[in-house]
Amino acid sequence: MTVQPKPPQPTLAPDLLARFAAIVGAKHAITDAQAQEPYLVEMRDLYHGRTPVVLRPGSVQEVSDILALANATRTAIVPQGGNTGLVGGQIPHNGEVVLSLNRLNRIREVDPVSNTITCDAGVTLQQAREAAAAVDRLYPLLLPSEGSCTIGGNLSTNAGGVTAVSYGIARAQAMGLEVVLADGRVLNNLNKLKKDNTGYDLNNLFIGAEGTLGVITAAVLKLVPRPRAVETTFVGLASPQAALKLLSLAQSRAGSAVTSYELIERVGIDGVLKHVEGTRDPLAARHEWYVLIELSSQAESGLRETLEALLADGLEQGLIEDAAIAESVAQAKAFWHMREMFAEVQRRIGVSIKHDVSVPVAAVPDFIARAHAATRQAFPGSRPLAFGHLGDGNIHYNVIQPETVDNAAWLARWHEVNTVVFDIVLSLGGSISAEHGVGVMKRDLLPTIKDPVAYALMQTLKRALDPNGILNPGKVL
């Protein structure tokens with residue numbers, strides 16, 4: 001069942017196109033096919049869209065005018081940030097108008113006393129982090145795509161990243177939002193208050209909604225004191241179970257100072273060493289599994305000793321086989337580069353059927369063991385690769401094509417592989433979308449796995465906030 005009315009027409013009459021273009025100016029209404037291309041292709045090349053025009057508003061008022069006209073004429077709109085999404089939610093699959101927010105790129109205020117930063121939606125994550133650092137603060141959300149992903153996109157997809165174990169995901173960083181509704185009204189909820197019990201929490205309606213309920217145009221985000229000390233270590237161990245026990249040990253020894261805890265399977269390391277020039281094995285010997293741990297502290301001293309004591313305890317308890325502590329910023333960056341290149345090298349290893357899933361942290365080893373066994377049995381020759389954010393239970397579980405199967409034949413089995421993996425995830429009380437969202441990739445699965453009452457409430461909210469179905473139609477629901 002869908003809550004959308006009949007989909008709007010995918011083409012625009014010339015006079016209507018001219019009315020939209022007049023709002024942003026001809027320079028910022030892109031109709032040339034070649035110039036549109038960066039807005040139409042998803043970064044993994046899984047989805048290709050089409051649009052009559054890419055609109056690039058330069059103000060909130062222009063966004064409001066665009067949506068008011070779109071609502072009145074039932075013109076479908078696809079909001080887009082940095083176009084780094086991985087589930088097709090930002091692509092105009094059916095000829096919708098693209099609303100690109102990357103010209104809304106102003107940092108409105110940095111308030112180090114209140115520990116907040118107020119950003120337009122088109123500010124990149126890297127720009128927000130740099131602005132925070134300039135006043136000796138940290139905006140803690142961190143993604144490999146920080147140079148191109150935007151604050152609006154991060155919030156619309158409720159992005160996660162490598163620091164969620166300590167700081168939480170995008171939702172946890174947002175204090176206030178400015179949102180343009182489907183009819184063009186502007187919701188101004190840009191407050192910096194930690195305490196505001198004046199009714200419903202409207203912010204959370206739009207965070208993670210993927211632009212289907214409103215268009216986020218600005219946000220007030222939390223900052224934290226900038227760490228005075230950071231220590232990074234690459235640890236070799238025998239199994240995910242050992243990694244889980246070491247996580248418990250780390251959190252008992254260091255608490256919230258454990259700001260990243262990444263689980264890495266050896267096959268990924270092999271891929272990086274083979275395909276990325278200038279990389280080297282982080283440890284002297286080969287290990288089946290690794291964790292990349294980062295500790296951060298506002299104290300200028302003592303963190304190194306905490307990390308060394310943790311590793312000593314891990315060795316004594318038989319959890320750790322070997323470990324290397326970064327002795328410089330360059331070495332720490334090399335450790336992180338090894339992890340960050342996983343997405344890139346998978347393309348060279350072979351075509352992957354990817355899964356962004358989460359299970360309770362305690363269930364991660366069981367999930368990986370069961371999924372490895374099940375995929376290898378169901379798809380002989382396939383090569384599973386598990387890595388991700390063990391500290392918050394989010395594992396990127398990718399199944400690489402058998403070497404004897406061509407790309408198209410393997411991708412044709414996407415649904416079969418999904419079914420095997422997702423059945424295990426759901427049996428463990430997990431989620432089929434941990435941090436990438438639903439988009440179109442997982443839209444049709446949602447009614448089969450979501451609580452029926454929750455799904456019905458989502459439909460009710462969509463009807464109430466977007467009765468004409470103009471906002472990102474066909475996504476999520």
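This briefing describes selected features of the structure above, grouped by topic.

The model is predicted, and a search of the whole structure finds zero disulfides. Among its strands, four form an open sheet of mixed pairing, in the order β1-β2-β4-β3. K475 is a buried residue without a salt bridge, and in helix α10, which spans residues 266–275, R266 is one of the buried residues.

**The open sheet**

- The open sheet places its four strands in the order β1-β2-β4-β3, and the pairing among them is mixed.
- The edges are taken by β1 (29–30) and β3 (77–80), and each of these has a single partner strand, so that one side of each is left without a neighbour in the sheet.
- Between β3 and strand β4, which covers residues 97–100, the pairing is parallel and runs over four bridges.
- Within β4, the residue that stands opposite I77 is V97.

- Strand β5, made of residues 107–111, pairs with strand β6, made of residues 116–120, in the antiparallel sense and over four bridges.
- E109 has T118, a residue of β6, as its bridge partner.
- Four residues lie between the two strands of this hairpin, in which N115 takes a positive phi near 60°.

- A disulfide is, in general, a covalent bond that joins the sulfur atoms of two cysteines.
- For C119, the closest cysteine sulfur belongs to C149 and is 12 Å away, which is too far for a bond.
- Likewise, the sulfur of C149 has its closest cysteine sulfur in C119, at 12 Å, and this too is too far for a bond.
- C119 counts as buried because its relative accessibility is 0%, and C149 counts as buried because its relative accessibility is 2%.

- Although K475 is buried, it has no salt bridge, and the nearest side chain of opposite charge, that of E96, is 5.3 Å away.
- A polar atom of the K475 side chain does, however, lie 3.2 Å from the backbone oxygen of G89.
- With neighbours within four places in sequence left aside, the residues in contact with K475 are V78, G88, G89, I91, H93, T212, G439 and V440.

**Helix α10 and what covers it**

- The buried residues of helix α10 (residues 266–275) include R266, G268, I269, G271 and V272.
- The elements that cover the buried residues of α10 include the strands β12 (229–237), β13 (258–265), β14 (289–297) and β18 (383–389), together with the helices α12 (329–340) and α13 (342–349).

- N418 belongs to helix α16, which runs over residues 414–427, and N418 counts as buried because its relative accessibility is 9%.
- Apart from neighbours within four places in sequence, N418 is in contact with I353, K354, H355 and D423.
- A164 lies in helix α6, which comprises residues 164–167, and A164 is buried, with a relative accessible area of 13%.
- When neighbours within four places in sequence are set aside, A164 is in contact with I169 and D392.
- A164 and H355 are separated by 191 residues in sequence and by 18 Å in space, taken from C-alpha to C-alpha.

How values were computed
Residues numbered from 1 in each chain as written. Predicted model: local features only at pLDDT ≥ 70, side-chain atom pairs only at ≥ 80, totals over all residues. Heavy atoms only, no water. Buried < 20%, exposed > 50% of the residue type's maximum accessible area, 1.4 Å probe, protein only. Lys, Arg positive; Asp, Glu negative; His and termini not counted. Salt bridge = Lys/Arg side-chain N within 4 Å of Asp/Glu carboxyl O. Polar contact = N/O pair within 3.5 Å; in protein donor to acceptor, adjacent residues only side chain to side chain. Contact = heavy atoms within 4.5 Å. Pairing = 2+ DSSP bridges. Disulfide = S-S within 2.5 Å.
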